[in-house]
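Open the model in your viewer and keep the selection tool at hand. Each stop below names what to select and then says what is there.

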Amino acid sequence: RKQVRIMGVPVDQVTLHGAYDSFQGFIDGSDCRIIVTPNTEIVMEAQNDPSLLNVIEDADLVVPDGIGLIYASKIQGTGLTERVTGVDLMLKILEYCHQHQKQIFLLGGKPGVAAKAGENIVKKFSNIKIAGVRDGYFNPEDVPDILEEINNSRADILFVALGAPKQEKWMHQYRNALKVKVAMGVGGSVDIWAG
Ligand code: UDP
């Protein structure tokens with residue numbers, strides 16, 4: 001794993017292909033691995049938010065989802081070559097899930113959005129099982145139940161769409177309580193899948 005610092009924030013020097021390779025390593029592991037896809041705005045925000053910086057430093061894969069990050073890296077000469085979007089990486093992961101009959105859990109979005117996204121994902125990738133869905137407007141006291149629901153669902157992968165940086169902080173806070181192999185922050189991708 002090779003990382004570069006953009007304005008003090010670590011970002012993996014990866015292409016979409018390399019990010020997908022890392023994901024494939026995670027899915028066979030034993031712990032919950034975290035994927036984050038910061039854009040330029042989030043990298044800027046992390047400079048003034050030590051807890052967000054810590055979350056990104058602890059993530060297992062940090063893909064540069066912002067063209068501004070690539071430009072900054074070019075100016076610094078630090079070697080990021082291409083933008084890797086969360087949308088594209090999620091699509092590759094869904095293809096993998098279809099090929100390997102994996103189960104996913106969709107957490108986030110307004111009520112009904114995750115369920116609709118799940119329906120559309122299964123229409124395109126018929127071998128994926130939607131282990132569970134849950135909207136992203138819950139109270140802190142609901143979290144233990146949500147974690148139990150995710151773990152009981154036997155999902156392999158959790159996609160979290162609570163908006164950035166809330167979703168990144170949420171995954172970081174609960175990673176040790178999660179039995180999924182991979183948790184990925186996907187922001188508005190769930191809305192895109194819901195159509
Ligand atoms: N969202 C959520 N709970 C929240 C805040 C946001 O589920 O408390 C969802 C929102 O409905 C949307 C997704 O998170 O589906 C992305 O939100 P937003 O567009 O604000 O974030 P971004 O895409 O900029 O990360």
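Select glutamate 119 and lysine 116. Their side chains form a salt bridge, with N and O 3.5 Å apart. The term salt bridge covers a side-chain nitrogen of Lys or Arg within 4 Å of a carboxyl oxygen of Asp or Glu. Both residues sit in helix H6 (residues 113-124), three residues apart, so about one helical turn separates them. Helices here are DSSP runs of H or I with at least four residues, strands are E runs of at least two, and both are numbered from the N terminus. Glutamate 119 is partly exposed at 44% relative accessible area. Lysine 116 is partly exposed too, at 35%. On this scale buried is under 20% relative accessible area, exposed is over 50%, and partly exposed lies in between (1.4 Å probe, protein chains only).

A word on the model: it is predicted, local features need pLDDT of at least 70, side-chain atom pairs count only at pLDDT 80 or more, and totals for chains, interfaces and linings use all residues. Residues are numbered from 1 along each chain as its sequence is written, and side-chain values use heavy atoms, with hydrogens and water left out.

How many salt bridges does a search of the whole structure find? The count is seven.

Next, select glutamate 57 and arginine 5. They form a salt bridge, and the closest N and O atoms are 3.0 Å apart. This pair links distant parts of the chain: glutamate 57 is in helix H3 (residues 50-58) and arginine 5 in strand S1 (residues 3-6), 52 residues apart. Glutamate 57 is partly exposed, at 34% relative accessibility. Arginine 5 is partly exposed as well, at 44%.

Move on to lysine 169 and aspartate 49. Their side chains meet in a salt bridge of 2.8 Å, N to O. Lysine 169 belongs to helix H8 (residues 166-174), while aspartate 49 is in the loop between helix H2 (40-47) and H3, so the pair ties together parts 120 residues apart in sequence. Aspartate 49 counts as buried at 16%.

Then select Arg33, Asp60 and Arg175. A network of salt bridges links them.

Now the ligand. Show the 13 residues around it; Gly109, Gly136, Tyr137, Lys166 and Asp191 come nearest. A residue is near if one of its heavy atoms lies within 4 Å. The shell divides into four nonpolar, six polar and three charged residues. Here Ala, Val, Leu, Ile, Met, Phe, Trp, Tyr, Cys and Pro count as nonpolar, Asp, Glu, Lys and Arg as charged, and the others, Gly among them, as polar.

Zoom in on the ligand's oxygen atoms. A polar side-chain atom of aspartate 191 lies 2.4 Å from a ligand oxygen. A polar backbone atom of alanine 164 is 2.9 Å from a ligand oxygen. For glycine 163, a backbone N or O atom is 3.1 Å from a ligand oxygen. Taken alone, the ligand exposes 530 Å², and the protein buries 64% of that. Those areas come from the Shrake-Rupley method with a 1.4 Å probe.

Last, select cysteine 32 and cysteine 97. The structure holds zero disulfides, a disulfide being a pair of cysteine sulfur atoms within 2.5 Å. For cysteine 32, the nearest cysteine sulfur is that of cysteine 97, 14 Å away. Cysteine 32 is buried, at 6% relative accessibility. Cysteine 97 is buried at 0%.

Conventions: Polar contact = N/O pair within 3.5 Å; in protein donor to acceptor, adjacent residues only side chain to side chain.
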